[in-house]
Amino acid sequence: MMKSILAVSEGGPDAAMSFRLAARVAAEFGSAVDALHLPVGPAGGMVGGLAMSGEAMPLIMNLDDERLEARAAESERAYKEVLALVKGSTYTAAKTATLDAMVAMGRCSDILVLGRPGADPENVAPATVEAALYECARAVMIAPPVASTGMFDSIVVAWNGSFQAARALEYSLPFLEKASKVTLLVVGSKPDDVGASYLARNLARDGINATIDAIDPGAVSGRARGRALLDYSHGKGADLLVMGAYGRGQVLSFLGLGGATGKVISSCRVPLLMAH
């Protein structure tokens, strides 16, 4: 089921990224999109009930009311340009909107879509992605800066046998069922050690014909493993990358997430579907 999409914008470059990917997913599944604008700063940042890691705290400039209003206007402009004509779609914006509001809406949605963090000089490391991944209990799609169109025909699933990978796989099933090519990619392990053949057999019972591939980046850091995963996915021309989210609360990593997770989020050039 992929009928209700929550697309989140904080009024920076993420607005166009998020809303364009949400429109693409909506076109494939006949979904409605609920667009949400979150203000940058204390009103939209750290709120009660969410245990954000120190590394994921927003690094923001001291924005005045004029800049906050301009960012809200950018979210609304992007909505009207990209999503307003999508049947059943809605737009929500309020000066008092918080991460709690996003989490409440996200838990009632089928999937959340956010723009890639790190490209916004006024909001360098937003807490939004961490809250979406670890508090909403839903799939999260991260949109790349350059939008693509069409169906998600070729999908790479990063598989290591973990519960995070299993959950991401489950959330991605609507996409896998429509894809013409599905690759189960094992990074740094032997496929049989993580049950890849067993998974491929069971996916075939659902009509999903997946092939298995493996790469060995060697004894390297998490970021290097993430880089190897990205090189593979980009080199194969994947339309979607699916993986689990790992390493919450790690020090000196992007968004306070694990090295591989942070690397992939910050550098993936195709839509990225993640789950924890």
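1. Glu 81 counts as exposed, with a relative accessibility of 52%, where exposed means over 50% relative accessible area, buried means under 20%, and partly exposed lies in between (1.4 Å probe, protein chains only). Its partner Arg 77 counts as partly exposed at 37% relative accessibility, and the side chains of Arg 77 and Glu 81 meet in a salt bridge at 2.5 Å, N to O. A salt bridge is here a side-chain nitrogen of Lys or Arg within 4 Å of a carboxyl oxygen of Asp or Glu. Arg 77 and Glu 81 are 4 residues apart in helix 2, so about one helical turn separates them.

2. Please keep in mind that this is a predicted model, in which local features need pLDDT of at least 70 and side-chain atom pairs count only at pLDDT 80 or more, while totals for chains, interfaces and linings use all residues. Residues are numbered from 1 along each chain as its sequence is written, and side-chain values use heavy atoms, with hydrogens and water left out.

3. Glu 76 and Lys 80 both lie in helix 2, 4 residues apart, or about one turn of the helix; helices (H or I, at least four residues) and strands (E, at least two) are DSSP runs, numbered from the N terminus. Glu 76 is partly exposed at 34% relative accessibility, whereas Lys 80 is exposed, with a relative accessible area of 54%.

4. A search of the whole structure finds 7 salt bridges, and one of them joins the side chains of Arg 67 and Glu 122 at 2.8 Å, N to O. Arg 67 lies in helix 2 (residues 65–82) and Glu 122 in the loop between strand 4 (111–115) and helix 4, so this pair ties together parts that are 55 residues apart in sequence. Arg 67 counts as partly exposed at 34% relative accessibility, while Glu 122, at 14%, counts as buried.

5. Turning to helix packing, the axes of helix 3 (residues 99–107) and helix 4 (residues 128–135) come within 10 Å and cross at roughly 40 degrees. These axes are lines fitted to C-alpha atoms, for helices over the stretch in contact, and angles run from 0 to 180 degrees between N-to-C directions. Helix 3 contributes Leu 99, Met 102, Val 103 and Arg 107 to the contact, and helix 4 contributes Thr 128, Ala 131, Ala 132 and Glu 135, contact meaning heavy atoms within 4.5 Å.

6. The largest nonpolar core has 48 residues, of which Val 25, Leu 83, Met 141 and Phe 175 touch the most other members. Such a core is a set of buried Ala, Val, Leu, Ile, Met, Phe, Trp, Tyr and Cys residues joined through side-chain atoms within 4.5 Å. Helix 1 (residues 14–29) gives this core its largest share, 9 residues. Leaving aside residues up to four places away in sequence, Phe 175 touches several residues, including Met 2, Val 25, Met 141 and Leu 273. A second, separate core of 36 residues includes Met 102, Cys 136, Val 140 and Val 270.

7. Finally, Thr 183 is placed in strand 7 (residues 181–187) and is buried, with a relative accessible area of 5%. Among the residues that Thr 183 touches, not counting those up to four places away in sequence, are Ile 155, Thr 211, Asp 213 and Tyr 232. Thr 183 and Asn 209 are 26 residues apart in sequence and 8.9 Å apart in space, C-alpha to C-alpha.
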